[in-house]
Amino acid sequence: MEKLLWCFLTMISFSRAFGHEDMSTWAFVFPKVSDTSYVSLEAESKEPLNAFTVCLRFYTALSTVRSFSIFSYATEKSYNDILLFWTKDKGYHFAVGGPEVLFTVSEIPQAPTHICASWESATGIVESWVDGKPRVRKSLNKGYTVWTNASIILGQEQDSYGGRFDAKQSLVGDIGDVNMWDFVLSPEQINAVYVGGTLSPNVLNWRSLKYKAQGEVFIKPQLWS
């Protein structure tokens with residue numbers, strides 16, 4: 001009986017991983033180090049980006065152990081067209097079109113963490129918000145345009161368009177509430193998203209998500225709900 005129940009629950013997990021679209025109370029779980037497990041997201045907008053905001057939540061025990069990828073957006077123009085990456089003992093690296101800036105942090109995330117990052121081409125201004133609190137604004141790649149036909153990956157960093165994953169950069173833990181807009185959210189809007197608002201994302205929408213899971217990835221209820 002226990003074996004039958006275990007098989008049934010396993011089947012549910014895998015069917016959701018390939019068929020569930022409204023992810024509003026769910027998270028992707030990457031249970032172990034891997035260079036083959038990841039989630040590929042399909043953007044709703046196929047237009048080039050001259051501004052954007054991406055927000056998400058993640059939960060991991062890796063922060064004091066090693067570096068790992070949080071959000072990897074590659075195009076044929078640049079495999080780091082947009083990259084959010086945690087670097088051990090330093091903080092959050094944020095790349096646009098290849099060049100990157102570092103947002104140092106004084107505290108290591110030991111709980112589910114909410115992060116938002118925004119950028120606009122006209123000024124090159126980048127913003128980083130962690131758990132609803134802003135970091136000092138910085139400048140990055142003014143005048144650049146993020147290209148089209150993106151390969152958007154959770155769980156791995158792309159060192160080529162759609163591939164060349166390194167297990168030592170993989171995420172082990174949970175990730176969810178991934179939303180993206182083609183404009184810079186205001187501070188008031190960032191705070192609204194932090195407390196659970198959605199504001200109709202038009203690039204990636206967690207409540208209407210187009211995705212494909214590969215390898216050992218599971219869908220489980222969010223631990224931060």
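Tutor: A disulfide is taken here to be a pair of cysteine sulfur atoms within 2.5 Å. Please keep in mind throughout that this is a predicted model. With that criterion, a search of the whole structure finds one disulfide.

Student: Which cysteines does the disulfide join, and what is its handedness?

Tutor: The bond runs between cysteine 55 and cysteine 116, with an S to S distance of 2.0 Å. The torsion about the S-S bond of this pair is about 115°, so the disulfide is right-handed. Since cysteine 55 belongs to strand β3 and cysteine 116 to strand β8 (residues 113–120), the pair ties together parts that are 61 residues apart in sequence.

Student: Are cysteine 55 and cysteine 116 buried or exposed?

Tutor: The term buried stands for under 20% relative accessible area, and both cysteine 55 and cysteine 116 are buried.

Student: How do β3 and β8 pair, and which strand does β8 join over five bridges?

Tutor: In a regular strand the side chains alternate between the two faces of the sheet. Here β3 and β8 pair in the antiparallel sense over eight bridges, and arginine 57 stands opposite histidine 114 in β8. Strand β8 is also joined by five bridges to β9 (residues 125–130), and these two strands run antiparallel; isoleucine 115, for its part, stands opposite valine 130 in β9. The hairpin of β8 and β9 has four residues between the strands, and glycine 124 takes a positive phi near 75° in that hairpin.

Student: Let us turn to charged pairs. How many salt bridges does the structure hold?

Tutor: Side chains of opposite charge can pair when their charged atoms come close. The structure holds five salt bridges, and one of them involves arginine 57 and aspartate 177, whose closest N and O atoms are 3.2 Å apart. Because arginine 57 lies in strand β3 (residues 51–60) and aspartate 177 in strand β13 (residues 173–181), this pair ties together parts that are 120 residues apart in sequence. Both arginine 57 and aspartate 177 are buried.

Student: What is the exposure of the residues in the salt bridges of lysine 46 and of aspartate 89?

Tutor: The side chains of lysine 46 and glutamate 42 meet at 3.4 Å, N to O. Lysine 46 counts as partly exposed because its relative accessibility is 45%, and glutamate 42 is likewise partly exposed, at 42%. Aspartate 89 forms a salt bridge with lysine 88, with the closest N and O atoms 2.9 Å apart. In this pair aspartate 89 is exposed, having a relative accessible area of 63%, whereas lysine 88, at 28% relative accessibility, is partly exposed.

Student: Where is tyrosine 38 found, and what does it touch beyond four places in sequence?

Tutor: Tyrosine 38 is found in strand β2 (residues 38–41), and its relative accessible area of 19% is why it counts as buried. Its C-alpha lies 9.4 Å from that of phenylalanine 28, which is 10 residues apart from it in sequence. Beyond four places in sequence, tyrosine 38 touches residues including Phe30, Leu154, Phe165, Lys212 and Val217.

Student: What is the relative accessibility of glycine 176?

Tutor: Glycine 176, which is found in strand β13, counts as buried, at 0%. Apart from residues up to four places away in sequence, glycine 176 touches Leu56, Arg57, Trp206 and Trp224. Glycine 176 and threonine 25 are 151 residues apart in sequence, and their C-alpha atoms are 8.7 Å apart in space.

Note on methods
Residues are numbered from 1 along each chain as its sequence is written. This is a predicted model: local features need pLDDT of at least 70, side-chain atom pairs count only at pLDDT 80 or more; totals for chains, interfaces and linings use all residues. Side-chain values use heavy atoms; hydrogens and water are left out. A salt bridge is a side-chain nitrogen of Lys or Arg within 4 Å of a carboxyl oxygen of Asp or Glu. Buried means under 20% relative accessible area, exposed over 50%, partly exposed in between (1.4 Å probe, protein chains only). Contact means heavy atoms within 4.5 Å. Two strands pair if DSSP finds at least two bridges between them.
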